[in-house]
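Please read them with the sequence and the structure open.

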Amino acid sequence: MKNVLVLISSTAHPALNDGAVRNAVAVLQAQGAIVGTPRWLAPEIACDIPFDGDAKPVAMTAIDAVVVPTAGRRKKLLVADMESTMIENEMLDELAEFLGLRDKIAGITARAMNGEIDFAGALNERVALLKGLDVAKLDEAAGRIRYTPGGATLVATMKKHGGHCALVSGGFTCFTAMVHKVLAFDSHAANGLRHDGRTLAGTVDLPILGKEAKLATLQRLAAVPGLGGAARVSVGDGPKHPP
């Protein structure tokens, strides 16, 4: 069948049941669709309903209903941001807390994420405030990392079906290396924090890796045979629809 209606419920408050699936099937049939057999992806959380017909929107209460084409649905390439994406933290903010500067640096972070200020300039400004911080605090901050629910499942599912998973962050390699290992990404890239082995220098290695590098990574990997075409997905604050 050419299309799939995916019903998705919150994992915290599952609301998907057989009745909701039957209602969705009835809506599709009322729209003139030929409906296949529903397939549960996760009990009470997610269900696929294959169908042939017009891909019209389906409204559900407390449930996300997304129509996707069957062709190209199985992705082969994942390029993911790290902070506020694969993990819930902003690691610069975590480091800033050791110096009592969380609010100040968090404000700069928010402006950078909103595109109000240049990323490279904002990164340099924030990292400069960390000058003199004990290098041991990097490990302490890493211990605070909170992994986003579903992230490990996403990476594991991609890799089970032969996908390539790349973690690309405007953050720091000391943290991407850990997340890369824990979540089993195939590769990772980020910025290097300069230090003398004892304290941070307040600078980063050049060139600075920002959203342009995320796009470049996506384009480079998409050109690899078997990873290109429409079978790719990116998540985070980098470009999601490259030319």
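1. Lys-159 is partly exposed in this predicted model, its relative accessible area being 34%. The residue forms a salt bridge with Asp-186, with 3.5 Å from N to O. Lys-159 belongs to helix α6 (residues 151–160), whereas Asp-186 sits in the loop between α7 (173–183) and β8 (187–191), so the pair ties together parts that are 27 residues apart in sequence. Asp-186 also counts as partly exposed, at 34% relative accessibility.

2. A second pair to inspect is Arg-102 with Glu-97, a salt bridge in which the closest N and O atoms are 2.6 Å apart. Arg-102 has a relative accessible area of 26% and is therefore partly exposed, and Glu-97, with 37%, is likewise partly exposed.

3. Is Asp-48, the partner of Arg-39 in another salt bridge, buried or exposed? Asp-48 is buried, because its relative accessible area is 4%, which falls under the 20% cut-off for buried residues. Between Arg-39 and Asp-48, the closest N and O atoms lie 3.5 Å apart.

4. For the model as a whole, the count comes to 12 salt bridges, and the pairs discussed above, including Lys-159 with Asp-186, can be looked up individually in the structure.

Conventions: Residues numbered from 1 in each chain as written. Predicted model: local features only at pLDDT ≥ 70, side-chain atom pairs only at ≥ 80, totals over all residues. Heavy atoms only, no water. Salt bridge = Lys/Arg side-chain N within 4 Å of Asp/Glu carboxyl O. Buried < 20%, exposed > 50% of the residue type's maximum accessible area, 1.4 Å probe, protein only. Helix = DSSP H or I, 4+ residues; strand = E, 2+ residues; numbered from the N terminus.
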